[in-house]
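Please look over the sequence and the model before reading the points below.

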Amino acid sequence: MRVILLFAALAAAAFAEGPSHVTVTRVPAPNKALKFEVEVPASVEAVWQAFSTSEGLSAWLTPGAVVDLRKGGEWTAHFPGCKTAGGAIVSFIPQREMVMSAMAPERFPTVRAERTTATFRFLPQGKGTTLVQLEQTGWKEGAEWDRAYDYLAAGNMQLLETLRRRFVDGPIDWNK
């Protein structure tokens, strides 16, 4: 998966209104990983639609987001200033899981070229709530990889908090 992480203005607005509801776990080497969890107050069907369609993703992440839901399809967000984040879909199980070859931001060219793997899981919790889990693996050694790891720990937390806020506050009106 190519992970999304350059929506600073949107994330800043989300965090200005309160603390994050996302749990972040940093797993050290040798199996270095980032793990995230957030409870979203919506059915797994609604959360999957928001995450797996262009219309759904554009309602909470950035206008003009692209999701081509097929193996090898793109999951991409285009942010102001020509910043692009996202990934290529490696596999998916509707309403259960999406695995992507993650594309890091441009400021990490080696990590962006070599990629990590992001696995999103969507687990119904009953009463119209979904647990969204993200596990990002494939981290390598080196200063750029370490900087990208720290950056994406914060960025993916913001991504999942923004997804949760989409269902707390409703879709974003990008025309405002």
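This is a predicted model: local features need pLDDT of at least 70, side-chain atom pairs count only at pLDDT 80 or more; totals for chains, interfaces and linings use all residues.

How many aromatic pairs does a search of the whole structure find? The search finds 8 aromatic pairs.

- An open sheet is formed by 8 strands, in the order β1-β2-β8-β7-β6-β5-β4-β3, with antiparallel pairing.
- The edges are taken by β1 (23–27) and β3 (66–67); each has a single partner strand, so one side of each has no neighbour in the sheet.
- Strand β1 is joined to β2 (residues 33–40) by 5 bridges, and the two run antiparallel. Here Val27 stands opposite Ala33 in β2.
- Strands β6 (residues 97–103) and β7 (residues 116–126) are antiparallel and joined by 6 bridges. Val99 faces Thr119 of β7 in this pairing.
- Between β7 and β8 (residues 129–137) there are 9 bridges, again in the antiparallel sense. Gly126 has Thr129 in β8 as its bridge partner.
- Strands β7 and β8 make a hairpin with 2 residues between them, and Lys127 in the turn has a positive phi of about 55°.

**Helices on the sheet**

- Helix α2 (residues 44–52) lies across β2, β3, β4 (74–79), β5 (83–93), β6, β7 and β8. Its direction is at about 155° to β7.
- Helix α5 (residues 143–169) also packs on the sheet, where it touches β1, β2, β7 and β8. The direction of α5 makes about 10° with that of β2.

**The nonpolar core**

- The largest nonpolar core contains 42 residues, and Phe51, Trp75, Phe120, Leu160 and Leu163 have the most contacts inside it.
- At least two residues of this core come from each of β2, α2, β4, β5, β6, β7, β8 and α5.
- Helix α5 gives the most to this core, with 9 residues.
- Leaving aside residues up to four places away in sequence, Leu163 touches Val40, Val47, Ala50, Phe51, Trp60 and Val132.

**Aromatic rings and charges**

- One aromatic cluster consists of Trp48, Phe51, Trp75, Phe120 and Phe122. Among its members, Phe51, Trp75 and Phe120 are also listed with the most contacts inside the largest nonpolar core.
- Lys32 lies over the face of Tyr149, at 4.4 Å from the ring centre.
- Arg166 is placed over the face of Phe167, at 4.5 Å from the ring centre.

Methods
Residues are numbered from 1 along each chain as its sequence is written. Side-chain values use heavy atoms; hydrogens and water are left out. Two strands pair if DSSP finds at least two bridges between them. Helices (H or I, at least four residues) and strands (E, at least two) are DSSP runs, numbered from the N terminus. Contact means heavy atoms within 4.5 Å. Axes are lines fitted to C-alpha atoms, for helices over the stretch in contact, and angles run from 0 to 180 degrees between N-to-C directions. A nonpolar core is a set of buried Ala, Val, Leu, Ile, Met, Phe, Trp, Tyr and Cys residues joined through side-chain atoms within 4.5 Å. Buried means under 20% relative accessible area, exposed over 50%, partly exposed in between (1.4 Å probe, protein chains only). Rings of Phe, Tyr and Trp (its six-membered ring) pair if their centres lie within 6.5 Å; planes under 30 degrees apart count as stacked, over 60 as edge-to-face and the rest as tilted. A charge sits over a ring if NZ of Lys or CZ of Arg is within 6 Å of the ring centre and within 35 degrees of the ring normal.
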